[in-house]
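Q: Please walk me through this model, one feature at a time. Where do I start?

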Amino acid sequence: MTRARPARARFTLARLTLARWFVASAWRAQRGRWLTAGAAVAVGIALATAIHTVNRSALAEFQQAIDVVNGAASLQVVARAGTLDDRVFETVLARAAAAGVDGVSPVLAVDTQVARPDAPGERAERLTVLGLDVFRAAQVTPALMPLPEPGDGGAGSSLLADDAVFLSPAAQAALGARPGQTITLRSGLTVATLRVAGGVAAGAGQRLAVMDLGAAQWRLGALGRLTRVDLRLAEGVAPAQAAAALRGDLPPEAEVALPEARAQRMSNLSRAYRVNLNVLALVALFTGAFLVFAAVGLASVRQRAQFALMAVLGADARWTRGVVLAQAGAVSLAGSVVGALAGLGLARALLGIFGGDLGGGYFPGVMPPMVVDAPVIVALVALGVAVGLAAGWLPAREAVSARPVEALRHGSAETALRRLAQPWAALGLLALAALLLALPPIDGLPIAAYAAIACILLAAIAAVPWLVATLFPVLLARAEARGLERPVAWLALARVAQSPGQAAGVIAGVVASFALTVAMVVMVASFRHAVADWLHVVLPADLYGRVPSNAVAGGIPPALRERIAALPGVARAEFTRTLELSLDAARPAVGLLARPLEANAPQARLPLTGPAIAPPPGAVAVYASEPAADLYRLAVGAEVALPLGSARFVVCGIYRDYARQHGAFTLALADYRRLTGDETVSDIALWVAPGTTPAAMLERLRAAEPALAGAEFRSADALRTLSLRIFDRSFALTYLLEAAALIVALFGVASSYAGQALARAREFGVLRHLGLGTRDLVRQVALEGGLLSAFGALWGAATGLVIGLVLIHRVNPQSFHWTMETRLPLGLIALGAAALALCGAIAAALAVRAATGAGPLAALKEDW
Amino acid sequence: MRRRALLQAVPALLLPRVASAVTYDPVDRGRAVTFPRDHGAHPGFRTEWWYLTGWLERDGAAPCGFQVTFFRSRTGHADANPSRFAPKQLLFAHAALALPENGRLIHEDRSARVGPAGVRFSETDTALAIGDWSCLRDAGSGRYAARIAGRELDLAVEIAPPGPPVLQGEGGFSQKGPRPEQASHYYSRPQLAVRGRIAGGRGAARRAWSVRGRAWLDHEWSSTLLDERAAGWDWIGINLDDGGSLMAFRIRARDGGVLWSHVARRDAQGRPRAESAPAQWTPTRWWTSPRSQARYPVGFEVTVGADRLTLEPLMDDQEIDARASTGGFYWEGAVAARVGGQPAGRGYLELTGYAAPMRL
Amino acid sequence: MRLEGVTRAFAPGQPLFRAVDLTIRAGERVALCGESGVGKSTLLNLIAGLDVPDAGTVEVAGIRLDALDTEARTRFRRDTLGFVFQAFHLLPHLSARRNVMVPLMLAGRGVAVAGAAADAVLADLGLAARAGALPGELSGGEQQRVALARALVHKPALVLADEPTGNLDPATARGALDRIFAQCARSGATLLMVTHSPEIAAHADRRLVLGPQGIAEG
């Protein structure tokens with residue numbers, strides 16, 4: 001033991017004590033400021049946590065839902081289009097042993113509608129019914145096994161009954177059907193009344209029904225049909241190898257789906273959802289990180305002079321760094337932890353109110369339990385602390401560097417930030433954004449475009465000091481040249497013009513959040529307009545009807561079709577057969593619409609995006625929707641292999657379709673019938689004769705054809721209204737979050753001015769001495785806040801327009817595969833900007849009024 | 001008669017809870033059993049089985065037991081359903097090898113609806129198949145071929161009957177309880193000569209043998225349940241060394257008494273011996289299953305007239321876990337019979353209703 | 001300017017000074033001395049209308065300050081007073097010229113008038129070349145001159161100076177002091193200057209000493 005050690009310990013202790021005094025006094029003196037900073041940090045982290053948690057929960061449940069319906073089979077033989085002849089089961093079975101498959105389970109999955117006799121007007125619930133062979137499913141997909149009620153005849157008497165159906169708990173809850181009751185299911189025009197005999201092993205959160213395969217084929221009108229065959233592989237057999245061994249023997253309408261393909265399909269299916277939520281998460285993270293930076297940074301800027309003094313008195317950089325990091329770390333850690341907890345609470349509330357897709361309508365019928373993604377939440381807290389530390393450290397760094405005395409002098413806070421008033425960083429980011437925009441989508445996702453949006457946003461924020469430093473002096477000079485009389489306006493303008501760095505701190509949040517809001521408003525307005533236009537083109541008739549159609553049943557047979565067309569009051573009737581085709585096992589099924597088309601004028605029925613061609617001789621004309629063309633890389637004139645007979649199909653035109661995100665093909669009904677022999681149709685469009693209303697028409701139709709009881713009819717107007725309502729609902733939460741971001745930004749303005757009111761106490765004191773009244777002082781600050789917010793709103797709007805264009809012309813085509821024309825809701829944006837400027841002014845005024853109670857005397861006394 | 005796990009479990013499985021349009025054929029005392037028709041299945045009856053059990057000599061190893069059973073069940077599923085997947089008729093198959101060196105049965109089972117995937121029976125002759133598990137009778141030679149290809153056991157045997165079937169009860173009408181409808185149609189084929197190959201074990205541990213031996217086939221069909229008071233039954237079918245056969249069963253009541261008891265002895269020519277009194281069953285040894293915790297009387301002394309047969313199992317653990325197919329646990333094992341300390345015959349003992357009804 | 005019976009206390013029962021009487025005539029240049037803590041600055045604040053006495057009357061240029069409300073006192077300050085602070089207290093974000101313009105702008109004279117007046121005063125004080133500089137870019141002496149220009153630009157009747165040269169080296173301080181006196185004399189303003197320095201006080205027309213017992217001519 002040397003003597004040095006106790007001496008060093010004493011030294012360290014003294015330094016620690018000093019640091020403690022310093023931090024404690026900072027806390028005592030500016031409790032409100034630190035609390036505000038902590039609260040801001042909490043809000044930021046809470047937003048990010050909440051959105052991420054909702055995202056995760058929904059995806060987890062969605063993934064589970066997919067797995068549940070598929071019973072986690074290791075391999076499946078599926079239909080490319082519609083259903084399979086049930087003899088494919090024996091085909092597969094014959095090859096099974098050689099292919100290394102030791103379990104084969106035939107499945108008939110039928111999408112049905114549940115009739116609600118108690119509430120006939122209600123929208124029918126959808127229910128997927130799986131017909132299984134329990135002896136085989138027990139080996140391959142045990143999770144799908146029906147669970148008879150305890151005491152139900154001992155070993156399960158209803159398992160093989162011809163009238164029993166087993167409902168998952170979610171289905172029981174949604175349909176209000178308990179074991180012992182009956183439910184009525186509709187598939188096409190088939191109606192089946194079944195008794196609920198128990199539950200299903202898996203899928204607590206998923207609406208699902210299971211029944212015997214033979215009973216399902218009979219009761220649901222699918223004799224001789226299967227939709228898939230689930231397979232279990234013997235140990236050590238690779239799925240791809242088994243698939244290759246099976247493929248050769250399969251009929252052309254069947255294909256083998258690998259589990260990876262299913263995962264890919266699921267990923268493709270939920271893509272739109274994830275894209276939307278990822279934007280929200282990005283907004284939340286941006287706003288959150290900015291809030292943390294602004295709050296902690298501002299608190300630290302205000303202490304610069306004190307740190308400078310400590311440096312003059314002999315505090316070394318390490319000590320100062322310690323103190324700065326301790327207080328910034330403490331406040332951001334406390335804020336982040338509180339924020340993470342609040343975020344989880346918020347997520348729970350959001351899931352409860354909006355459901356897993358946040359109102360987007362992507363996964364109807366799924367009520368996800370909350371999934372807490374601990375690693376990411378810890379990472380978010382760490383991010384909050386890291387941003388907080390950086391925000392605390394950057395302003396204080398200069399105070400302890402080479403020239404502490406400079407930091408002590410007046411206005412030095414401004415000179416420290418003045419270096420920011422250069423356009424180079426912004427220009428560099430903008431160049432990077434341009435580069436990113438030129439990149440193609442990565443893995444089918446517009447990641448580069450998102451990165452470009454982030455760059456544009458950062459560029460916009462980075463440009464604020466430079467813009468303020470460039471713009472406001474010119475404004476001030478102009479105003480002076482015009483002989484400005486109002487001292488308050490003059491003072492406010494002069495103040496803003498000379499403090500570009502602080503201006504950036506005040507309004508960066510406004511710029512960021514308003515930019516994202518405007519971008520979203522522009523995108524949604526363009527999108528909505530495009531959808532409304534499109535709805536007009538695709539809904540020319542007066543009345544539309546659809547029977548609960550599915551892979552099994554198109555629903556309406558020819559005789560019924562003719563009777564409908566001949567009903568009095570029907571001016572014209574058109575029928576469409578819709579079904580689903582699987583072109584690629586890794587992608588969700590595409591829609592197929594067979595409808596009357598005029599060979600030489602398809603544009604009369606389809607909203608084509610370009611010119612159409614005539615099919616080459618011997619080929620069948622099909623028209624691809626925009627998503628289909630994009631997803632399957634089809635151009636006009638390209639050949640496409642549709643699993644409908646052996647015809648050659650040529651894409652003769654591309655049309656707009658906002659309804660089927662995974663793509664659709666349309667062909668003439670006559671061609672479809674010729675190729676498939678399927679005479680049924682599922683959709684009815686009726687033109688009403690003069691003198692009849694759609695409502696009267698519908699009444700007549702229902703009276704004449706009781707078989708159509710399960711069909712849903714809507715007028716074209718009702719359909720348009722409904723479509724747009726669903727559209728609006730899917731963006732409801734986006735709006736909500738952007739509103740939150742804007743409020744947070746205004747909160748940032750208010751807290752900046754509250755802080756400034758203290759930091760500028762001496763300035764205010766001098767102005768009071770020189771004869772500026774209290775009210776004028778508040779007016780001056782309000783004007784400053786208003787000017788800066790107005791500038792922030794305008795600059796944010798400009799940035800938002802650019803981002804909106806990126807969303808419309810890059811993100812949308814790359815992730816949803818549809819295009820639209822740009823619409824600028826300028827009135828709405830102007831209104832928003834004006835409101836924002838006003839709110840900024842009010843926030844600044846309120847903040848400064850609350851903080852200037854002390855009066856000018858104390859202010860000047862504070863001078864040291 | 002018989003018995004069987006099915007009498008306990010399958011009817012429960014197959015009986016619909018709601019009134020069904022399905023009506024089952026009744027067992028009729030006056031119905032004559034005729035061949036070859038009655039080698040085939042009787043789908044109008046609720047349950048039916050072909051039960052093949054026997055002892056096999058292996059080259060270079062101790063004798064072992066085997067069992068191959070096909071059960072047929074008529075469910076309550078509507079006849080009107082035209083779907084070929086409609087589960088109106090089910091087939092179950094159990095196969096077991098009792099290798100004494102193994103200490104317990106190698107057992108596998110299959111369950112399937114009749115119709116698709118080669119699951120079938122014939123109404124004109126014994127022709128049963130669940131995929132590649134089969135039991136077929138050749139009409140010309142009268143021989144049976146049984147083939148079981150499982151994960152852990154493989155069996156291919158050819159079976160030659162020495163004479164015509166032995167009709168049980170009154171010309172094939174076998175009373176099972178105090179009420180007249182508690183009965184079945186029932187015939188047996190004792191002293192069957194078996195030749196073939198068996199294999200048991202998994203992967204590298206699998207071993208195969210050529211085998212020959214003597215077996216017993218029961219074919220029985222019925223629509224009626226056991227008496228409500230029944231707890232289970234004990235059954236034996238013994239190929240006697242003198243060429244004769246012994247079949248005896250008793251239906252045990254829940255209260256511990258005996259509801260119904262029957263014994264039938266035949267000489268080498270198949271002529272029945274009139275018994276003055278029912279057989280007396282006295283357990284001599286008990287064994288407790290580590291799986292089901294059921295306690296089975298694996299050793300018996302059965303008194304038939306003046307003879308006292310002592311039954312000793314090939315091994316104690318011959319319990320079958322049929323929870324995945326017909327349901328529950330039962331004991332079905334190879335036993336050797338001695339009279340006065342001298343070997344007198346070999347056959348199978350079946351013990352049901354000892355395990356508490358279990359459900360998965 | 002007249003103070004009668006002015007009393008001001010920090011807290012009840014702890015008077016800073018009691019019943020001070022003071023009269024200064026227009027155009028006089030008066031130095032106010034006294035030990036630290038006797039209330040020199042408080043007295044100055046009372047005269048500036050930034051503080052109100054607990055008892056007594058304050059009258060400047062014929063106006064009873066203790067009878068005015070806050071807004072009226074603000075107007076009075078704007079129109080009648082000029083301030084020179086020890087720490088100059090220039091507004092950091094305004095150039096020298098605009099700092100000087102502030103009082104006239106506050107008086108509602110407009111940019112043209114205020115700018116011209118500021119240019120004139122700055123030229124007078126030899127600062128024409130530095131008019132565009134921010135306070136942070138000025139030397140201490142220059143800052144003091146800008147502060148003086150700001151105090152005089154609107155031709156106040158009374159200039160209050162609190163240790164106006166306290167932050168300057170002796171040579172610069174002398175020059176600054178001479179300028180203050182000269183400028184006050186030129187515009188006919190009354191000057192009340194708080195100072196510790198007897199040397200500076202000696203230059204004044206009158207020298208008053210504030211003590212616990214009140215004001216005495218020194």
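**Reading the model**

Q: With which residues is Trp221(B) in contact, leaving aside its neighbours within four places in sequence?
A: Two residues are in contact if their C-beta atoms, placed from the backbone, lie within 7 Å. Beyond those neighbours, Trp221(B) contacts His42(B), Phe45(B), Thr47(B), Glu48(B), Ser184(B) and His185(B). This is a predicted model: local features need pLDDT of at least 70, side-chain atom pairs count only at pLDDT 80 or more, and totals for chains, interfaces and linings use all residues. Residues are numbered from 1 along each chain as its sequence is written, while chains are lettered from A and ligands numbered from 1 in the order in which they are written.

Q: Is Trp221(B) buried or exposed?
A: A residue is buried with 20 or more other C-beta atoms within 10 Å of its own, exposed with 12 or fewer, and partly exposed in between. Trp221(B) is buried because 21 other C-beta atoms lie within 10 Å. Its place is in strand E13 (residues 207-222) of chain B. Helices (H or I, at least four residues) and strands (E, at least two) are DSSP runs, numbered from the N terminus.

Q: How many residues apart in sequence are Trp221(B) and Gly44(B)?
A: They are 177 residues apart in sequence, yet 9.7 Å apart in space, C-alpha to C-alpha.

Q: What share of chain A is buried?
A: Of its 864 residues, 53% are buried. Chain A has 28 helices and 21 strands. Take its contacts between residues at least 6 apart in sequence: 84% join residues at least 24 apart.

Q: How many residues of chain A touch chain C?
A: 28 residues of chain A are in contact with 27 residues of chain C. H17(A) gives the most to the chain A side, with five residues. That side divides into ten nonpolar, ten polar and eight charged residues. Here Ala, Val, Leu, Ile, Met, Phe, Trp, Tyr, Cys and Pro count as nonpolar, Asp, Glu, Lys and Arg as charged, and the others, Gly among them, as polar.

Q: Against what do the buried residues of H3(C) pack?
A: They pack against helix H17 (487-498) of chain A, and against helix H2 (70-80), helix H4 (110-124) and helix H5 (140-152) of chain C. H3(C) spans residues 96-106, and eleven of its eleven residues are buried. Among them are Arg97(C), Arg98(C) and Asn99(C). Just after H3(C), Gly108(C) takes a positive phi of about 80 degrees.

Q: What order do the strands take in the open sheet of chain C?
A: Two strands pair if DSSP finds at least two bridges between them. The six strands run E6-E7-E8-E3-E9-E10, with mixed pairing. The edge strands are E6 (81-84) and E10 (214-217) of chain C, each pairing on one side only. E6(C) pairs with E7(C) (residues 158-162) in the parallel sense, over four bridges. In E7(C), Ala161(C) is the bridge partner of Val84(C).

Q: Where is confidence lowest in chain C?
A: pLDDT is the predictor's confidence in each residue, from 0 to 100. In chain C, strand E1 (residues 2-11) is lowest at a mean of 76, and strand E8 (residues 190-194) is highest at 88. The mean for chain C is 82, with 97% of its residues at 70 or more. Chain B averages 86, and 91% of its residues score at least 70. Over residues 1-20 of chain B the pLDDT is below 50, though this stretch has 68 contacts in the model beyond near neighbours in sequence. Where pLDDT is low, the predicted coordinates should not be read in detail.

Q: What ipTM and pTM does the model score?
A: The ipTM is 0.86 and the pTM is 0.65.
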